[in-house]
2 protein chains.
Amino acid sequence: MAHATKQQLMEHGVEMLLIRGYNDLGIAALLEATRIPKGSFYHHFRSKQDYALQVIDLYMEEVHAGLESCLGDTSRPPLERIRYFFEVSEENYRTQGYMGCLLGGLGQELSGVSEVFRQKVEECLDQIAGRLADCLHEAIRRAELPPEANPEKLAELLVNCWEGAALRTRLRRDPAPLRDMLDFYFAAAAVPRE
Amino acid sequence: MAHATKQQLMEHGVEMLLIRGYNDLGIAALLEATRIPKGSFYHHFRSKQDYALQVIDLYMEEVHAGLESCLGDTSRPPLERIRYFFEVSEENYRTQGYMGCLLGGLGQELSGVSEVFRQKVEECLDQIAGRLADCLHEAIRRAELPPEANPEKLAELLVNCWEGAALRTRLRRDPAPLRDMLDFYFAAAAVPRE
């Protein structure tokens, strides 16, 4: 039961932090929305910061599960797997009302003042880029990318450009910037098909 | 004198909003940093929101001046002018400690809860993309871009990818993501030189 309460607070946190950001989210509002007593919150979390960091961990669990299932699907060629991962992400954004990416949101809001959040978000983006880079290495082996391509750099570029497109999606409540970015990126990076 | 006070508050606001974001910036802290009395603040600004919107206008004045001087320099070829504009922006970021872009920061933080800021930031990014698109049209006429290129779409892509790279620059306090993005973009968009 304790675990269910914690899980509920964190799941709600993904949604509320995505919409409101960190500083605008009051713990009182969270407790009211979830109808969970204050004592329960402080039983599970040391502070609001501890809470938000654990919400990021929950968010990343879902990201890693998505990377695992999309990039691990070896029935598809590597670049298609990567594109599929981002299409799944776009679908998640849709169900959230196109609010963009929690990492981009908290990274922008907090990294000027909080070394803890700055490092946390940077670490998360770096992990995602690392997984993508592994798949891009495979794309080189399968001649989907030119042999001189730099998978680490290309993976980072993809993550960064995605974050920019996600911001625009958030501003417009529209997925088009995400799709346009992926189209441009894959057309530019890939070896042209015969 | 009144105008000088207002200007001082706004210039300080660019710096403080860039570092702290909107919700974490207290008017009291701003007044303390500038040693300006509270009454003066409310003489010039109706509210914190009004203040931040006017700080964005000041920020955009500088952006437009940069666009004007870089894109208007017809002694350079069009794509070089665009690259130069972003190099000047990178140099501004450097002097600010690589805090990224105020539009991306406030757009991420506030567009989930504030229709006013959502529209304002979207409008600003759209204006920048519009100026870049004009220059990209010229790049087509000068055969720097293929004739089938879509300047409006390419300009928007550039703005969005830049914002993503600026977030990463903010997370790392490092300009490399900006440069990598520009290298990738121009190599992908431009007609290869003989």
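Biologist: Before symmetry comes up, how are copies superposed here?
Modeller: Copies are superposed by least squares on the C-alpha atoms of residues with pLDDT of at least 70 in both. This is a predicted model.

Biologist: OK, what rotation and shift superpose chain B on chain A?
Modeller: A rotation of 180°, with 0.0 Å of shift along its axis, puts chain B on chain A at an RMSD of 0.0 Å. The two copies are therefore related as by a two-fold rotation axis.

Biologist: Which residue of chain B comes closest to that axis?
Modeller: Gly164(B), with its C-alpha at 1.8 Å from the rotation axis.

Biologist: And what percentage of the contact residues of chain B recur in chain A?
Modeller: 100% of them recur, and the same surface serves both copies.

Biologist: How many residues does each chain put into the contact?
Modeller: Chain A gives 36 residues and chain B gives 36 residues. On chain B, the helices that each supply at least two residues to the side touching chain A are α1 (2-20), α6 (102-110), α7 (115-141), α8 (151-172) and α9 (176-189).

Biologist: Which one has the largest share?
Modeller: α8(B), with 13 residues of the side of chain B that touches chain A.

Biologist: What's that side made of, by class?
Modeller: The side of chain B that touches chain A has 15 nonpolar, eleven charged and ten polar residues.

Biologist: Switching topic: what are the ipTM and pTM?
Modeller: The model scores 0.96 for ipTM and 0.96 for pTM.

Biologist: And what does chain A average in pLDDT?
Modeller: Chain A averages 95, and 97% of the residues score at least 70. Where pLDDT is low, the predicted coordinates should not be read in detail.

Key: Residues numbered from 1 in each chain as written. Chains lettered and ligands numbered in written order. Predicted model: local features only at pLDDT ≥ 70, side-chain atom pairs only at ≥ 80, totals over all residues. Contact = placed C-beta atoms within 7 Å. Helix = DSSP H or I, 4+ residues; strand = E, 2+ residues; numbered from the N terminus. Nonpolar A, V, L, I, M, F, W, Y, C, P; charged D, E, K, R; others polar. pLDDT = per-residue confidence, 0-100.
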